[in-house]
Amino acid sequence: QVQLVESGGGLVQAGGSLRLSCAASGSIFSLNVMGWYRRAPGKQRELVARITSVGSTNYADSVKGRFTISRDNAKNTVYLQMTSLKPEDTAVYYCNAFLYGSQGWNDYWGQGTQVTVSS
């Protein structure tokens with residue numbers, strides 16, 4: 001059984017910073033792409049950033065230059081450093097991992113962590 005456990009969300013003022021972490025555990029043989037998505041109230045879930053196993057990254061236009069995704073392959077952990085936060089970044093942030101486990105290649109999701117940016 002694979003689990004993704006997120007941490008680091010919270011309440012911050014506009015212009016502030018937060019760092020999200022997501023650790024994958026369980027029967028994992030290969031971790032491919034890891035990423036962060038978010039769902040704001042009344043909106044669809046959207047990609048924030050993702051990173052491949054060799055470190056290639058891509059970001060949503062709305063977060064470029066403010067957010068940085070990174071990963072520690074030895075710890076099966078992905079991070080999202082968020083700076084210059086804006087009220088429109090308020091959302092539930094979900095970790096995602098595409099990995100090879102005991103049931104083959106599958107997508108897995110974390111439970112979500114709330115990020116609230118006050119103006």
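# Close-up views of a predicted model

Val5 stands opposite Ala23 in β3. The model shown here is predicted: local features need pLDDT of at least 70, side-chain atom pairs count only at pLDDT 80 or more, and totals for chains, interfaces and linings use all residues. Residues are numbered from 1 along each chain as its sequence is written, and side-chain values use heavy atoms, with hydrogens and water left out.

**View 1. Four strands make an open sheet with antiparallel pairing.** Strands here are DSSP runs of E with at least two residues, numbered from the N terminus, and two of them pair if DSSP finds at least two bridges between them. Going across the sheet, the order is β1-β3-β8-β7. The edges are β1 and β7 (67-72), each of which pairs on one side only. Direction ignored, neighbouring strands of this sheet are turned by 15° against each other on average (axes are lines fitted to C-alpha atoms, and angles run from 0 to 180 degrees between N-to-C directions).

**View 2. Bridges join β3 to β1 and to β8.** Five bridges connect β1 (residues 3-7) with β3 (residues 18-25) in the antiparallel sense. Look for Leu4 here, which stands opposite Ala24 in β3. The pairing of β3 with β8 (residues 77-82) is also antiparallel and runs over six bridges. In that pairing, Leu18 has Met82 of β8 as its bridge partner.

**View 3. Strand β1 shows a covered face and an uncovered one.** Leu4 and Glu6 belong to the covered face. Gln3, Val5 and Ser7 belong to the uncovered face.

**View 4. Tyr108 is buried.** This tyrosine is part of strand β10 (residues 104-109). Tyr108 and Tyr79 are 29 residues apart in sequence, and their C-alpha atoms are 16 Å apart in space.

**View 5. Ring pairs link Phe29, Phe98, Tyr100 and Trp105 into a cluster.** Rings of Phe, Tyr and Trp (its six-membered ring) pair if their centres lie within 6.5 Å; planes under 30 degrees apart count as stacked, over 60 as edge-to-face and the rest as tilted. The whole structure holds four aromatic pairs. One of them is the tilted pair of Phe29 and Tyr100, with 6.2 Å from centre to centre and 50° between the planes. Phe29 lies in strand β4 (residues 28-39) and Tyr100 in strand β9, so this pair ties together parts that are 71 residues apart in sequence. Phe29 is exposed at 59% relative accessible area, while Tyr100 is partly exposed at 35%. Phe98 and Trp105 form a stacked pair, 5.2 Å centre to centre and 20° between the planes. Phe98 is partly exposed at 30%, and Trp105 is partly exposed at 41%.

**View 6. The charged end of Arg45 sits over the ring of Trp109 and over the ring of Tyr37.** A charge sits over a ring if NZ of Lys or CZ of Arg is within 6 Å of the ring centre and within 35 degrees of the ring normal. For Trp109, the charged end of Arg45 is 3.9 Å from the ring centre. For Tyr37, that distance is 6.0 Å.

**View 7. Thr90 lies in the loop between β8 and β9 (91-101).** What does the side chain of Thr90 reach? It reaches the backbone oxygen of Pro87 at 2.9 Å and the backbone nitrogen of Val117 at 2.9 Å. These are polar contacts: pairs of N or O atoms within 3.5 Å, where, within protein, one must be able to donate a hydrogen and the other to accept it, and residues adjacent in sequence count only if both atoms are side-chain atoms. Leaving aside neighbours within four places in sequence, Thr90 is in contact with Ala40, Pro41, Gln114, Val115, Thr116 and Val117.

**View 8. Asn76 and Ser84 have positive phi values although neither is a glycine.** Asn76 is in the loop between β7 and β8, with phi near 50°. Its relative accessibility is 23%, which counts as partly exposed. Ser84 is in the loop between β8 and β9, with phi of about 45°. Ser84 is partly exposed at 42%.

Methods: Contact means heavy atoms within 4.5 Å. Buried means under 20% relative accessible area, exposed over 50%, partly exposed in between (1.4 Å probe, protein chains only).
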